Amino acid sequence: MDDVSRLPAATLAEEALLGLLLPFWQLVIGAFVLAVVLLSVGRLVRRGPSRMTTALLVTAAAIAGFTVVGVLLES
């Protein structure tokens, strides 16, 4: 275990503050990602069915590719 008495109080306070802020920043980043995804899906829907089909095929290929790479790098 770490010896907490060796660390200055300021360092502990900074780590505690970052520990509290970390979930907040994750929520902010997640909100921005969600907003961008919703805006892009709205634009894609307005462009029509042929674009939707292409987008779905590209997305499916990307998911399959990431899955294959993940499985290959797992071992």
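View 1. Val 37 lies in helix H1. Helices are DSSP runs of H or I with at least four residues, strands runs of E with at least two, numbered from the N terminus. Ile 29, Val 33, Val 37, Val 41 and Val 45 make a nonpolar surface patch of about 420 Å². This is a predicted model: local features need pLDDT of at least 70, side-chain atom pairs pLDDT 80 or more, while totals for chains, interfaces and linings use all residues.

**View 2. The arginine patch.** Arg 43, Arg 46, Arg 47 and Arg 51 form a positive surface patch. Patch residues have over 30% relative accessible area and no salt bridge; like charges are joined within 9 Å, nonpolar side chains within 5 Å. A salt bridge puts a Lys or Arg side-chain nitrogen within 4 Å of an Asp or Glu carboxyl oxygen. Helix H1 (residues 9–47) gives the most, with 3 residues.

**View 3. Arg 51 in helix H2.** Helix H2 spans residues 49–74 and holds Arg 51. Arg 51 counts as partly exposed because its relative accessibility is 44%. Residues are numbered from 1 along each chain, and side-chain values use heavy atoms, without hydrogens or water.

Methods: Accessible areas come from the Shrake-Rupley method with a 1.4 Å probe; for residues, only the protein chains shown count as cover. Lys and Arg count as positive and Asp and Glu as negative; His and the chain ends are not counted. The place of a charge is taken as NZ of Lys, CZ of Arg, CG of Asp or CD of Glu. Buried means under 20% relative accessible area, exposed over 50%, partly exposed in between (1.4 Å probe, protein chains only).
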